[in-house]
Amino acid sequence: MSAIPSSTKPLAVALMGPTASGKTAAALELARRVPAEIISVDSALVYREMDIGTAKPTLQERAGVPHHLIDILDASESYSAMQFRQDALRLVDDIQSRGKLPLLVGGTMLYFKALQDGLDELPQADPALRAQLDREAAELGVPALHARLATLDPETAARLKPNDAQRIQRALEIMMLTGQPMSALLAKAPKTELPFRLLPLALEPSDRSVLHDRIAARFDAMLNAPEGLLAEVQKLRARGDLHLGLPSMRCVGYRQAWEYLDGAYDFATMREKGIAATRQLAKRQLTWLRSMPERIVVDCLDPHATQQVWLHVQAALAQ
């Protein structure tokens with residue numbers, strides 16, 4: 001992700017990182033030092049009624065600093081990278097017009113890529129192919145489709161978890177329709193120039209095992225809260241219109257809690273699966289970050305990480 005080298009353009013800050021790297025705390029501290037508004041770059045925070053499992057900023061935190069793209073959809077709806085890009089460009093312009101610094105904060109790396117690079121015109125969904133892939137997923141299992149994708153488009157497969165049915169099937173569909181891997185098509189997309197300078201800051205761990213411990217502790221806190229993750233998922237299930245095929249219910253933690261409430265496995269197994277899925281998410285996020293050589297890395301385990309982030313922002317504001 002490259003910043004645009006033009007001091008005539010206003011600044012926006014991208015604060016990226018894997019789950020549990022401290023992005024929210026760093027963003028709130030930045031907003032205490034400079035007038036700013038936060039744009040969430042998180043595909044889970046867009047959903048209402050999903051607060052615990054998404055580690056959503058509290059109402060108190062959001063009252064102190066304006067937040068955007070949080071609680072904008074019902075859990076039955078979907079949100080795309082293209083929609084995010086359109087919303088983010090509009091919001092950055094609005095925030096800058098108010099004389100504030102836009103802070104784009106989150107861990108959905110596809111959204112950051114869509115914002116920076118734009119999106120190419122991928123083929124529309126083909127109902128017949130989608131039905132065929134649905135049948136194959138039911139017969140062979142989604143991991144088998146992931147294995148097939150790994151042979152055809154290893155770059156895309158590496159970014160997807162083996163049970164991410166929707167994205168795996170979409171990548172295979174694109175391959176079948178165009179004869180080209182989705183990763184190749186994305187690489188050919190014309191680069192776009194943003195109307196602002198983007199400072200790409202990445203909170204990354206110097207010791208991944210410490211991040212893994214943080215992930216486990218946070219997942220346990222979600223489970224043990226008085227109105228915790230299981231109560232939240234039970235309430236969502238009780239609506240009657242949600243199911244595991246929806247993007248919202250495929251969010252890390254929610255699928256495992258839903259399956260536990262279905263009786264698929266015991267509590268200890270649910271906990272293990274939830275923590276493992278979150279660690280896998282962090283691994284994929286770090287893989288995305290490594291593909292952004294222009295990013296400025298700050299060790300999220302450094303006790304002075306927030307100060308380091310502030311120094312980089314200060315320097316960029318002075319340009």
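Trainee: Which side chain meets that of Glu29 in a salt bridge?

Mentor: Side chains of opposite charge can pair when their charged atoms come close. In this predicted model, the partner of Glu29 is Arg32, with 3.0 Å from N to O. Both belong to helix α1, residues 23-33, where a spacing of three residues places Glu29 and Arg32 about one helical turn apart.

Trainee: Is Arg32 buried or exposed?

Mentor: Arg32 is exposed, its relative accessible area being 60%.

Trainee: How many salt bridges are counted?

Mentor: The count is 21 salt bridges. Some residues are joined in a network of such bridges, namely Glu49, Asp74, Arg239 and Asp241.

Trainee: With which residue does Lys56 form a salt bridge?

Mentor: Lys56 pairs with Asp71, and their closest N and O atoms are 2.5 Å apart. Lys56 sits in the loop between β2 (36-40) and α2 (59-64), while Asp71 sits in the loop between β3 (67-68) and α3 (81-97), so the pair ties together parts 15 residues apart in sequence.

Trainee: What are the relative accessible areas of Lys56 and Asp71?

Mentor: Lys56 has 8% and is buried, whereas Asp71 has 26% and is partly exposed.

Trainee: Where does Arg159 lie, and which residue does its side chain meet in a salt bridge?

Mentor: Arg159 is found in the loop between α7 (154-158) and α8 (165-178). Its side chain meets that of Glu155 at 3.5 Å, N to O. Arg159 counts as buried because its relative accessibility of 18% is under the 20% limit. Glu155, at 46%, is partly exposed.

Trainee: Which residues does Arg159 touch, leaving aside those up to four places away in sequence?

Mentor: With that exclusion, Arg159 touches Leu186, Arg284 and Trp288.

Trainee: Which positions carry the UniProt feature "binding site"?

Mentor: The unreviewed UniProt entry places this feature at Thr19, Ala20, Ser21, Gly22, Lys23 and Thr24. Let us consider two of these positions. Thr19 lies in the loop between β1 (11-16) and α1, and the loop between β1 and α1 also holds Ala20. Thr19 is buried at 9% relative accessibility, and Ala20 is buried at 12%.

Trainee: What do Thr19 and Ala20 touch beyond four places away in sequence?

Mentor: The contacts of Thr19 are Leu211, Ile215, Arg218, Thr278, Leu281, Ala282 and Gln285. Those of Ala20 are Leu211, Arg214, Ile215 and Arg218.

Methods. Residues numbered from 1 in each chain as written. Predicted model: local features only at pLDDT ≥ 70, side-chain atom pairs only at ≥ 80, totals over all residues. Heavy atoms only, no water. Salt bridge = Lys/Arg side-chain N within 4 Å of Asp/Glu carboxyl O. Helix = DSSP H or I, 4+ residues; strand = E, 2+ residues; numbered from the N terminus. Buried < 20%, exposed > 50% of the residue type's maximum accessible area, 1.4 Å probe, protein only. Contact = heavy atoms within 4.5 Å. UniProt positions renumbered as here; feature names shortened; annotations may be inferred.
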